[in-house]
Amino acid sequence: MKAKEMNLKQFVKRHWRTYEECAFDLGVNRNTIYNYVNTNPTGILRHTHALIEKDNVEALLLFDAVAKTMEQLNENRKRG
């Protein structure tokens, strides 16, 4: 059975309580996480190794979340 699809915002919230906690673990600032979630989801991929080590996250779950976010951003651009 396929796990529920989640976007990058949901992914971050699932593994950290706040963007600040995520930023601390990845060695970036909160604005960088905000940018990944709202503008440039592929940017978080440079942290794949750290993300996988943190919670034994499957890389495919991260890639799916990035793809879902990109899809949502593209849909929003088409509407606007």
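Biologist: Against which helices do the buried residues of α3 pack?
Modeller: This model is predicted. In it, the buried residues of α3 are Ile33, Tyr36 and Val37. The buried residues of α3 pack against α1, α2 (19-26) and α5 (59-79).

Biologist: How large an arc do the buried residues of α3 cover around the axis?
Modeller: Ile33, Tyr36 and Val37 are the buried residues of α3. They lie on the same side of α3, because the arc they cover around the axis is only 95 degrees.

Biologist: Which residues of α3 make the contact with α1?
Modeller: Start on the α1 side, with Leu8, Lys9 and Val12. By class, the contact of α1 with α3 has five nonpolar, no polar and one charged residues. On the α3 side, the contact is made by Ile33, Tyr36 and Val37.

Biologist: Where do the buried residues of α1 sit around the axis?
Modeller: Leu8, Phe11, Val12 and His15 are the buried residues of α1. They cover an arc of only 95 degrees, so they sit on the same side of α1.

Biologist: Are α2 and α3 roughly parallel or roughly perpendicular to each other?
Modeller: The axes of α2 and α3 come within 8 Å. They cross at roughly 105 degrees. Angles of 65 to 115 degrees count as roughly perpendicular. So α2 and α3 are roughly perpendicular.

Biologist: How many charged residues does the contact of α2 with α3 have?
Modeller: From α2 come Tyr19, Glu20, Cys22, Ala23 and Leu26. From α3 come Arg30, Ile33, Tyr34 and Val37. By class, this contact has seven nonpolar residues and no polar ones, and the charged residues number two.

Biologist: Which residue caps the N-terminal end of α1?
Modeller: Look at the backbone nitrogen of lysine 9. A side-chain oxygen lies 3.2 Å from that nitrogen. The oxygen belongs to the capping residue, asparagine 7.

Biologist: Which backbone nitrogen does the side chain of asparagine 29 reach at the start of α3?
Modeller: A side-chain oxygen of asparagine 29 makes the approach. The gap is within 3.0 Å. The nitrogen belongs to asparagine 31.

Biologist: Is glutamine 10 buried or partly exposed?
Modeller: Glutamine 10 lies in helix α1. Its relative accessibility is 36%. Buried means under 20%, and exposed means over 50%. Glutamine 10 therefore counts as partly exposed.

Biologist: What distance separates the C-alpha atoms of glutamine 10 and threonine 69?
Modeller: Along the chain, glutamine 10 and threonine 69 are 59 residues apart.

Biologist: Which backbone nitrogen lies 2.7 Å from a polar atom of the side chain of glutamine 10?
Modeller: Set aside neighbours within four places in sequence, and glutamine 10 is in contact with Lys4 and Glu5. The nitrogen at 2.7 Å is that of asparagine 7.

Biologist: Is threonine 48 buried or exposed?
Modeller: Threonine 48 lies in helix α4 (residues 48-55). Its relative accessibility is 14%. The cut-off for buried is under 20%, so threonine 48 counts as buried.

Biologist: Which residues are in contact with threonine 48, leaving aside its neighbours within four places in sequence?
Modeller: One polar atom of the threonine 48 side chain lies 2.5 Å from the backbone oxygen of leucine 45. With neighbours within four places left aside, the contacts of threonine 48 are Leu62 and Phe63.

Methods
Residues are numbered from 1 along each chain as its sequence is written. This is a predicted model: local features need pLDDT of at least 70, side-chain atom pairs count only at pLDDT 80 or more; totals for chains, interfaces and linings use all residues. Side-chain values use heavy atoms; hydrogens and water are left out. Contact means heavy atoms within 4.5 Å. Helices (H or I, at least four residues) and strands (E, at least two) are DSSP runs, numbered from the N terminus. Ala, Val, Leu, Ile, Met, Phe, Trp, Tyr, Cys and Pro count as nonpolar, Asp, Glu, Lys and Arg as charged, and the others, Gly among them, as polar. Buried means under 20% relative accessible area, exposed over 50%, partly exposed in between (1.4 Å probe, protein chains only). The arc is that of the directions from the helix axis to the C-beta atoms. A polar contact is a pair of N or O atoms within 3.5 Å; within protein, one must be able to donate a hydrogen and the other to accept it, and residues adjacent in sequence count only if both atoms are side-chain atoms. Axes are lines fitted to C-alpha atoms, for helices over the stretch in contact, and angles run from 0 to 180 degrees between N-to-C directions. Angles under 35 degrees count as roughly parallel, over 145 as roughly antiparallel, 65 to 115 as roughly perpendicular and the rest as oblique.
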